[in-house]
Amino acid sequence: MPVDASEATFDRDVLQRSHEVPVIVDFWAEWCGACRALGPVLEKAVAKRAGKVDLVKVDTDANPRLSAAFRIQSIPAVKAFKDGKVVSEFVGAQPPAQVERFLDGLVPSEADALVESGSEGDLRRALELEPGRSDAATALARILADRGEREAALQVLGNVAGSFAAEGFAAQLRLEEDPALAEAFAELDDGEVQRGLDTLIAAIKDSEGERREDLRRAVVGILDHLGVEHPVARESRRKLASALY
């Protein structure tokens with residue numbers, strides 16, 4: 001259940017408590033219809049994370065000095081506190097999915113913690129909780145592939161949609177069966193990322209059909225893993241575009 005805080009208890013219930021767990025403060029008023037709509041959504045989302053986050057409600061009419069201190073101009077206004085400071089906020093009634101994402105940014109979900117662990121069992125459990133989660137699927141597929149279970153790895157990756165990393169690794173697993181590409185993957189395994197990418201990109205020019213598309217997917221997956229700012233990725237994107245078009 002949420003805690004009703006006042007000007008007298010705010011320091012204890014919010015600022016001090018936020019050094020132990022994140023505290024969500026819902027600034028509201030009885031006359032505010034949007035506040036009444038948002039309240040149950042917040043309560044349900046916080047209840048799912050029992051013990052990991054607190055919910056505190058502040059009646060702006062009854063606590064005008066708190067409203068002024070935090071510059072509340074429109075309600076509902078929701079502010080998240082950590083270590084005595086506001087770290088995230090939003091204004092207005094939000095749909096449940098948006099509230100969930102807001103809280104996920106403050107409190108890792110069970111699946112987040114399982115993916116962070118990285119063990120095979122924890123990754124499988126993460127996928128049970130969130131089927132199709134790309135980071136869990138890709139990490140599990142790598143474990144399976146490393147011990148020679150290529151088909152099992154492809155099956156795991158096949159359950160993920162819209163992920164450059166998952167599609168790229170699946171393409172790589174298929175292409176590794178091609179002796180002509182052994183050198184490229186050996187270079188990647190040895191940390192020669194630029195040379196490996198150059199070899200794969202060069203192969204695109206001489207390929208067609210599904211092989212060409214898998215080469216593109218594999219290269220895009222590697223570039224996605226490197227990140228936008230990586231110097232090798234920047235140069236390789238230019239080379240990839242040239243090879244494709």
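A crossing of two helices is left-handed if the near helix is turned anticlockwise from the far one by less than a right angle, and right-handed if clockwise. The views below come from a predicted model.

**View 1. Helix 2 crosses helix 4 in a right-handed manner.**
Helix 2 covers residues 33-47. Its axis comes within 10 Å of the axis of helix 4, and the two cross at roughly 45 degrees. That angle makes helix 2 oblique to helix 4. From helix 2, the residues in contact are Leu38, Val41, Leu42, Ala45 and Val46. They meet Pro96, Val99, Glu100 and Leu103 of helix 4. By class, the contact of helix 2 with helix 4 has eight nonpolar residues, one charged residue and no polar ones.

**View 2. Leu106 sits in the loop between helix 4 and helix 5.**
Helix 4 spans 96-104. Is Leu106 buried or exposed? Leu106 is buried, with a relative accessible area of 9%. Setting aside neighbours within four places in sequence, Leu106 is in contact with Pro22, Ile24, Ala80, Lys82, Val87 and Ser88. Ala50 gives a further reference point: Leu106 and Ala50 are 56 residues apart in sequence. In space, their C-alpha atoms are 13 Å apart.

**View 3. The loop between helix 3 and strand 4 holds Pro76 and Arg71.**
Helix 3 is 64-69 and strand 4 is 77-82. The peptide bond from Ile75 to Pro76 is cis, and its omega is near 0 degrees. Arg71 shows another backbone feature: a positive phi of about 55 degrees, although Arg71 is not a glycine. Arg71 is also exposed, at a relative accessible area of 71%.

**View 4. Asp83 lies in the loop between strand 4 and strand 5.**
Strand 5 runs over 85-91. Asp83 is not a glycine, yet its phi is positive, at about 50 degrees. How accessible is Asp83? Its relative accessibility is 48%, and Asp83 counts as partly exposed. The cut-off for exposed is over 50%.

**View 5. Helix 5 and helix 6 make a left-handed crossing.**
Two packed helices are described by the angle between their axes and the distance between the axes. For helix 5 (residues 110-117) and helix 6, the angle is about 155 degrees and the axes are 8 Å apart. This makes helix 5 roughly antiparallel to helix 6. Helix 5 contributes Glu110, Ala111, Leu114, Val115 and Ser117 to the contact. Helix 6 contributes Asp122, Leu123, Arg125, Ala126 and Leu129. The residues of this contact divide into six nonpolar, one polar and three charged.

**View 6. Helix 8 has a buried side and an exposed face turned away from it.**
Helix 8 covers residues 150-157. Its buried residues are Ala153, Leu154, Val156 and Leu157. An α-helix has 3.6 residues a turn, so residues three or four places apart point the same way. Glu151 and Gln155 are exposed, on the face of helix 8 turned away from its buried side. What covers the buried residues? The cover includes helix 6 (120-129), helix 7 (134-146) and helix 9 (164-175).

**View 7. Gln172 is a residue of helix 9.**
Gln172 is buried, with a relative accessible area of 13%. Which residues does Gln172 contact, leaving aside its neighbours within four places in sequence? Gln172 is in contact with Phe185 and Ala218.

**View 8. Helix 11 passes helix 12 in a left-handed crossing.**
Helix 11 is residues 193-205 and helix 12 is residues 209-226. Their axes come within 9 Å and cross at roughly 155 degrees. Helix 11 is therefore roughly antiparallel to helix 12. On helix 11, the contact involves Val193, Leu197, Leu200, Ile201, Ala203, Ile204 and Lys205. These meet Arg211, Arg212, Leu215, Arg216, Val219, Ile222, Leu223 and Leu226 of helix 12. By class, the contact of helix 11 with helix 12 has 11 nonpolar residues, four charged residues and no polar ones.

Note on methods: Residues numbered from 1 in each chain as written. Predicted model: local features only at pLDDT ≥ 70, side-chain atom pairs only at ≥ 80, totals over all residues. Heavy atoms only, no water. Axes fitted to C-alpha atoms, helices over the stretch in contact; angles between N-to-C directions. Helix = DSSP H or I, 4+ residues; strand = E, 2+ residues; numbered from the N terminus. Parallel < 35°, antiparallel > 145°, perpendicular 65-115°, else oblique. Contact = heavy atoms within 4.5 Å. Nonpolar A, V, L, I, M, F, W, Y, C, P; charged D, E, K, R; others polar. Buried < 20%, exposed > 50% of the residue type's maximum accessible area, 1.4 Å probe, protein only.
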